[in-house]
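I opened this notebook to record what I looked up in the structure, entry by entry. Each term is given with its cut-offs where I first rely on it.

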Amino acid sequence: METAMLHFLYYLFIAVCWCSGNILQAIELPNYTVILSQSDFQIRLYNESTWVSARVSGTSFDQSYRNGFQRLYQYIHGANSNSSKIAFTAPALTSVPSSSSPSGNAYIVRIFISTRFHGKPPLPNPELKLWIEKWKSRCIAVRKFSGYANDHNINKEIEALVTTLNKQSITIQDTTSYIIANYNASSHNTTQRLNEVWINVSGIGTQC
């Protein structure tokens, strides 16, 4: 019950910001440049970024996301080396292991750390079993989809993006896991719920 409430409160805040007209006015997102845009996908070049991450040994996307998010929520609400509250950001990411993953059923749930920390955010309290993760700039293929991201639809969306990339002869960098990005998961209007599939790619022009 506590996990569900923490999850609800975080995404209620994001939903309010979204409904105010523009999520970008209230929620910081990772910086990126669109390299290629087509009707069913984009290639984005993301700048260097910092994330706080939670590993979860789960049996499903839904369960793993909830369990990982509970620990991340505690971190941004003061369970860190500064005992400070950290600004809400988006998206929340969940790495979903593929059938070829050497890590088995290990999911990783991440939240973006604001650039105001210059890559040096407060450290998580040890009992949360979180770590700070720094990403170098990278090219990511993105497919948007609405509705509830759950165990029943994420594989279809992942497979659709993989198929598109293969048809375009775009190189997929890692086939051991794929990422689901959630932006406003508390919205009860399924047409306003924004999710994305992220896949690391290369071989697109000089920037990727």
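Which residue in strand 10 is the bridge partner of Val 142? I looked it up and found Trp 198. I took helices (H or I, at least four residues) and strands (E, at least two) as DSSP runs numbered from the N terminus, and I let two strands pair if DSSP finds at least two bridges between them.

**Ground rules.** I am working on a predicted model, in which local features need pLDDT of at least 70 and side-chain atom pairs count only at pLDDT 80 or more, whereas totals for chains, interfaces and linings use all residues. Residues are numbered from 1 along each chain as its sequence is written, and side-chain values use heavy atoms, with hydrogens and water left out.

**Overall layout.** I noted three helices and ten strands in the protein chain, arranged along the sequence as α-β-β-β-α-β-β-β-β-α-β-β-β. Of its 208 residues, 53% count as buried, where buried means under 20% relative accessible area, exposed over 50% and partly exposed in between, with a 1.4 Å probe and protein chains only. For contacts (heavy atoms within 4.5 Å) with a separation of 6 or more, residues 24 or more positions apart account for 72%.

**Strand 7.** I then followed strand 7, where six of the eight residues are buried. Strand 2 (residues 42-46) runs antiparallel to strand 7 and is joined to it by five bridges, and Gln 42 has Val 142 as its bridge partner there. Strand 10 also pairs with strand 7 in the antiparallel sense, over six bridges.

**The disulfide.** I found one disulfide in the structure, taking the term as a pair of cysteine sulfur atoms within 2.5 Å. Cys 139 and Cys 208 form it, with their sulfur atoms 1.7 Å apart. The torsion about their S-S bond is about -75 degrees, so the disulfide is left-handed. Because Cys 139 lies in strand 7 (residues 138-145) and Cys 208 in the segment after strand 10 (195-202), the pair ties together parts that are 69 residues apart in sequence. Cys 139 is buried, at a relative accessible area of 5%.

**Nonpolar cores.** I counted as a nonpolar core a set of buried Ala, Val, Leu, Ile, Met, Phe, Trp, Tyr and Cys residues joined through side-chain atoms within 4.5 Å. The largest one has 33 residues, and Tyr 75, Tyr 183 and Trp 198 have the most contacts inside it. Helix 2 gives the largest share of this core, six residues, and the elements that each supply at least two include helix 2 (61-76), strand 3 (49-57) and strand 7. A second, separate core of 24 residues includes Val 96, Leu 165, Ile 180 and Cys 208. Beyond its neighbours within four places in sequence, Tyr 75 is in contact with residues including Val 52, Ile 86, Pro 122 and Leu 130.

**Aromatic pairs.** My search of the whole structure gave eight aromatic pairs, where rings of Phe, Tyr and Trp (its six-membered ring) pair if their centres lie within 6.5 Å, with planes under 30 degrees apart counted as stacked, over 60 as edge-to-face and the rest as tilted. The rings of Trp 51 and Trp 198 have centres 6.5 Å apart and planes at 85 degrees, so this pair is edge-to-face. Trp 51 is in strand 3 and Trp 198 in strand 10, 147 residues apart. Trp 51 is buried at 1% relative accessibility, and Trp 198 is buried with a relative accessible area of 3%. Ring pairs link both into a cluster with Tyr 32, Tyr 46, Phe 112 and Trp 135.
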